[in-house]
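Dear colleague,

I am handing over the structure below, and after it I set out what was found. Please read the notes with the structure open beside them.

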Amino acid sequence: MSEMVTKKMLFFFPRCECEKPIIYDLVKNHNLVVNVFRAKVTPDEEGYLVLDVTGTEADILGAMEY
């Protein structure tokens, strides 16, 4: 089994992406555990997420490509 690691990630996204289920996709499709430290997600504005993600290196790399 691969070793689990935790990395801090900062996501910036344009207003057109604010309606997408980003955290859901990270958890469901990339097998990550997510801890939200800070977020600003407002319709019709740019947004950001500051997250700790825990998973294997391969899963985290896959999520970053997403």
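This is a predicted model: local features need pLDDT of at least 70, side-chain atom pairs count only at pLDDT 80 or more; totals for chains, interfaces and linings use all residues.

Residues are numbered from 1 along each chain as its sequence is written, and side-chain values use heavy atoms, with hydrogens and water left out.

The count of aromatic pairs comes to one, taking rings of Phe, Tyr and Trp (its six-membered ring) as paired if their centres lie within 6.5 Å, and calling them stacked if the planes are under 30 degrees apart, edge-to-face if over 60, and tilted otherwise. The partners are F12 and Y48, which form a tilted pair, 6.4 Å centre to centre with 45 degrees between the planes. Since F12 lies in strand 1 and Y48 in strand 3, the pair ties together parts that are 36 residues apart in sequence; helices (H or I, at least four residues) and strands (E, at least two) are DSSP runs, numbered from the N terminus. Y48, at 24% relative accessibility, counts as partly exposed, and K40 stands opposite Y48 in strand 3.

As for the sheet, three strands form an open sheet in the order 1-3-2 with antiparallel pairing, where two strands pair if DSSP finds at least two bridges between them. Strand 1 (4-13) and strand 2 (33-40) are the edge strands, each pairing on one side only, and the twist averages 15 degrees from one strand to the next. Strand 2 and strand 3 (residues 47-56) run antiparallel and are joined by seven bridges.

Turning to the helices, the buried residues of helix 1 (residues 22-30) are I22, D25, L26 and H30. Seen down the axis of helix 1, these buried residues fall within an arc of 100 degrees, so they line one face of the helix, the arc being that of the directions from the helix axis to the C-beta atoms. Their cover includes strand 1, strand 2, strand 3 and helix 2, with contact meaning heavy atoms within 4.5 Å. After helix 1 comes N31, whose phi is positive, near 55 degrees.

Terms used: Axes are lines fitted to C-alpha atoms, for helices over the stretch in contact, and angles run from 0 to 180 degrees between N-to-C directions. Buried means under 20% relative accessible area, exposed over 50%, partly exposed in between (1.4 Å probe, protein chains only).
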